[in-house]
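Have a look at the model, then read on.

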Amino acid sequence: MNSPVEIPFKNIILLDRLSGTPVYLQVAHKLINAIQRGVLANGAKLPGTRSLAEILEVHRKTVVAAYQELDAQGWIEMRPNKGTYVTYSSENRYPGLKNFRAEDLVSYPRETGFAFEKSMLLDRPVSVSNVDLEFTDGLPDVRLAPMDKLAKAYSGVLRRKNNRKYLGYSHAEGNMYFREKLAGYLNNTRGLHIKAENILTTRGVQMGIYLASQLLINKGDRVVVADLSYYTANMIFQKAGAHILSIPVDEQGISVDALRKLCETTPVRLLYITPHHHYPTTVTLSAERRMELLGLSVKFGFIILEDDHDYDFHYNSSPVLPLASADRAGMVVYVGSFCKALAPGLRSGYLVAPADLITELGKFRRIIDRQGDLMMEQALGELLDEGEVQRHIKKAQKVYHQRRDLLETLLNAHLSDYLTFKSPPGGLAFWTEWRKDINLMRVSKACLKRNLHLPQTLLFQTGKLSAVRLGFGNMNEDEMREAILILSEVVAQES
């Protein structure tokens, strides 16, 4: 049995005087940790309260309170006239104090003690930087978001006497009030003909794609995507066990002829498309092809998963209505969000489908995410009802239209020798095709040294393609000018 003198208590109990945790609890927690990890074995005698107080340079009452906490939790036994002893038996103890290291008690294991499968499929770098300027994937400017209006609506919901209904469990499909207001909003802006029963709220587009894939795709099913397509959706489909097939994209969107030929020889379970502004090339699927796709889906029985991630922003004319607005056979599952319209950190999305599928998706959603944020959904529903979201989108569209036009001018003025592009009719990003002799990865690294982040996830460089998706929504006009100046200088040096 170890005597109190042999045990290096000062190394075991490392106190943080600046911590918000009371010192007596710090002492208790460190001793519990030492017992759990076997440094203090069952039967080990602890120092008296006065002795430990001197060792730790704390007041004796602090140690008394710590021991009382340990005793109450059953870790120690205080025996009158004999001392204080550890009473918890730890079988997985360290082999003696010779191997004791103080850092073992203040660190978390770096690796698991068990084996598990690591996914290379999901291994994609996160686009994060600390520099001032950044081209994004097409994110909005959060500085434009109506945070004052949202904060007022949210705090109003919190202060109401009837707010209990938003603080408990509710429908897995989402806040009913929000779904009713959202249905009206989508009917007015997207030509849909839906009710609340046709909506499942989500925490963004990706969640909607994931839920639909888990329910609708079985291992070995064939899923058709465009060449190129949204990488996250592709990963979700592959994780669901799908076999992915790709079809070409031209200036009118995905090739319907190629899809028809594929369906004539191969059973297809699902087609994934971003028709309004195709990701990543930004082209719009023509109205004629939309109607052809609906006909093909009925003829060959495949599901259309329509991702309308940036429908709200269009500049040249009125937007082409979604396929879901013309769906009469129940073949379209429609996903969207407010992440682009408001802010990406505001994880509010939705999935639209016939009621029977929504019911089933609600069952599945319940086991991974019991429900949405009822408070936030209530606040958003009220902003929709008051027209605040609509007014914000209208104002933001004018700002983004100006930024799109400015970026078009800047690209023509500074980078026309190195790339070609077509001005996007909507959305928050340009698709630029570059000279193949330019190493885009080197350009990205050089830009970072100049305080401009050009994420690797925006670079598309293969033997056949050299392109960059340049999101412009997040930068104001001064920032955009500075970013393009840096990019043009770097490209001139690297080419």
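**Notes on the model**

1. Leaving aside neighbours within four places in sequence, threonine 202 is in contact with Met207, Gly208, Leu211, Arg347, Ser348, Gly349, Tyr350 and Leu351. Keep in mind throughout that this is a predicted model. Threonine 202 sits in strand β5, residues 199-202, and counts as buried because its relative accessibility is 3%, where the limit is under 20%. A polar atom of its side chain lies 2.9 Å from the backbone oxygen of glycine 204.

2. Aspartate 221 is in the loop between α7 (205-216) and β6 (222-227). Aspartate 221 is buried but has no salt bridge. What aspartate 221 does have is a side-chain polar atom 2.8 Å from the backbone nitrogen of asparagine 218. Not counting residues up to four places away in sequence, it touches Leu216, Gly241, Ala242, His243 and Arg269.

3. Two peptide bonds deserve a look, given that most peptide bonds are trans. Aspartate 227 and leucine 228 are joined by a cis bond, with omega at about 20°; leucine 228 is in the loop between β6 and α8 (231-239). The bond from tyrosine 279 to proline 280 is also cis, with omega near 5°, and proline 280 falls in the loop between β9 (270-273) and α10 (287-300).

4. On to backbone phi. Most residues other than glycine have a negative value. Threonine 282, in the loop between β9 and α10, has a positive phi of about 70° and is buried, with a relative accessible area of 5%. Asparagine 81 also has a positive phi, about 65°. Asparagine 81 is in the loop between β2 (76-79) and β3 (83-86) and counts as exposed at 87% relative accessibility.

5. Now the whole chain. There are 15 helices and 17 strands. The radius of gyration is 30 Å, well over the 23 Å that the globule rule gives for 495 residues, so the chain is more spread out than a compact globule. The C-alpha trace spans about 90 × 60 × 50 Å along its principal axes.

6. Last, burial and contacts. Of the 495 residues, 50% count as buried. The accessible surface comes to about 24,700 Å², and 50% of that belongs to carbon and sulfur atoms. Among contacts between residues at least 6 apart in sequence, 72% join residues at least 24 apart.

Key
Residues numbered from 1 in each chain as written. Predicted model: local features only at pLDDT ≥ 70, side-chain atom pairs only at ≥ 80, totals over all residues. Heavy atoms only, no water. Helix = DSSP H or I, 4+ residues; strand = E, 2+ residues; numbered from the N terminus. Buried < 20%, exposed > 50% of the residue type's maximum accessible area, 1.4 Å probe, protein only. Lys, Arg positive; Asp, Glu negative; His and termini not counted. Salt bridge = Lys/Arg side-chain N within 4 Å of Asp/Glu carboxyl O. Polar contact = N/O pair within 3.5 Å; in protein donor to acceptor, adjacent residues only side chain to side chain. Contact = heavy atoms within 4.5 Å. Rg over C-alpha atoms; globule rule 2.2 N^0.38 Å. Areas by Shrake-Rupley, 256 points an atom, 1.4 Å probe, with all protein chains shown as cover.
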